[in-house]
Amino acid sequence: MELADVQSLKDNRNIPIDKVGVKNLRYPITLLDRTKKRQHTIATVNMYVLLPSDFKGTHMSRFIEVLNENRECIDIRRIGKILKQMRERLNAKKSYLELSFPYFIEKEAPVSRIKSLMSYDCKVEAFGDSESEELFLTVEVPITSLCPCSKEISDYGAHNQRGMARIRAQLAEFVWIEELVEVAESSASCDIYSLLKRPDEKFVTEKAYDNPMFVEDIARNITLKLSSDERIPHFSVEVENFESIHNHNAYAFINR
């Protein structure tokens, strides 16, 4: 017995739908890892296509089929293939893919050299049609900042705080997640570690004190580094400090 294909029935309202698909699907994926070659993580996945005006609906199961076929290695260089598969499988002119996931990098403490894992929230956004594709990689990097004004006006000490640097980069060529993390961490007063012993705490405290920065400084530092990278034609930078002595956050944004 052949079952009815209701989604493929004709719709007479003449209204195309810009994005239709599956949203907030949690799924295990494997990513490229610069150090260990592969990394397993859990992604929240959104997959959409443009639905023509004469189609009643789309076939939601086909999105999962495409994802399942590619989950063993989500390589940024293969995102275009996934987008094409979505268009072909769903008979669509445009396709969209969004992957949000934690990415882990092993870091050594600066003095004790004890290793621990740092987590970075990342997002891949891609969309395309038969003529062109665009790909964006976002990384959120925890950082430390120390206030230059506080250091200047105080007889001793200065207030510092944890912050977040968010880079959203359009990629014309392959870029490692680790590279964007390094850009952000090297642009702040000091980077952050999961595990520090007392000699490490002394080191990072003094490093931050020797490198006071406003959110404006950090955003500009990141911008200078990204502007010289020809693989990144467009980017935006957000820096937010979770202030330790104010009842508000400090924020800076640059779009280039």
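Colleague: At 29% relative accessibility, does Arg89 count as buried or partly exposed?

Modeller: Arg89 counts as partly exposed, because its relative accessibility is 29%. The term covers values between buried (under 20% relative accessible area) and exposed (over 50%), with a 1.4 Å probe and protein chains only. The model is predicted, so local features need pLDDT of at least 70 and side-chain atom pairs count only at pLDDT 80 or more, whereas totals for chains, interfaces and linings use all residues. Residues are numbered from 1 along each chain as its sequence is written, and side-chain values use heavy atoms, with hydrogens and water left out.

Colleague: Which residue forms a salt bridge with Arg89?

Modeller: Glu65 does, and the closest N and O atoms are 3.6 Å apart. A salt bridge here is a side-chain nitrogen of Lys or Arg within 4 Å of a carboxyl oxygen of Asp or Glu.

Colleague: Where in the chain are the two partners, Arg89 and Glu65?

Modeller: Arg89 is in helix α2 (residues 79-90) and Glu65 in helix α1 (residues 60-70), so the pair, 24 residues apart, links distant parts of the chain. Helices are DSSP runs of H or I with at least four residues, and strands are runs of E with at least two, numbered from the N terminus. Glu65 is partly exposed as well, at 39%.

Colleague: How many salt bridges does the count come to?

Modeller: The count is 16. Another one joins Glu108 and Arg113, with closest N and O atoms 3.7 Å apart. Glu108 is partly exposed at 37%, and Arg113 at 49%.

Colleague: Changing topic: how many residues of α4 are buried?

Modeller: Seven of its nine residues are buried, so α4 is largely enclosed by the rest of the structure. Among them are Ile177, Leu180, Val183 and Glu185.

Colleague: At what angle do the axes of α4 and α6 cross?

Modeller: The axes of α4 (residues 177-185) and α6 (residues 215-227) cross at roughly 140° and come within 9 Å. Axes are lines fitted to C-alpha atoms, for helices over the stretch in contact, and angles run from 0 to 180 degrees between N-to-C directions. The two helices are therefore oblique to each other; under 35 degrees is roughly parallel, over 145 roughly antiparallel, 65 to 115 roughly perpendicular, and the rest oblique.

Colleague: Which residues meet between α4 and α6?

Modeller: Leu180, Val183 and Ala184 in α4 meet Ile222, Lys225 and Leu226 in α6, where contact means heavy atoms within 4.5 Å.
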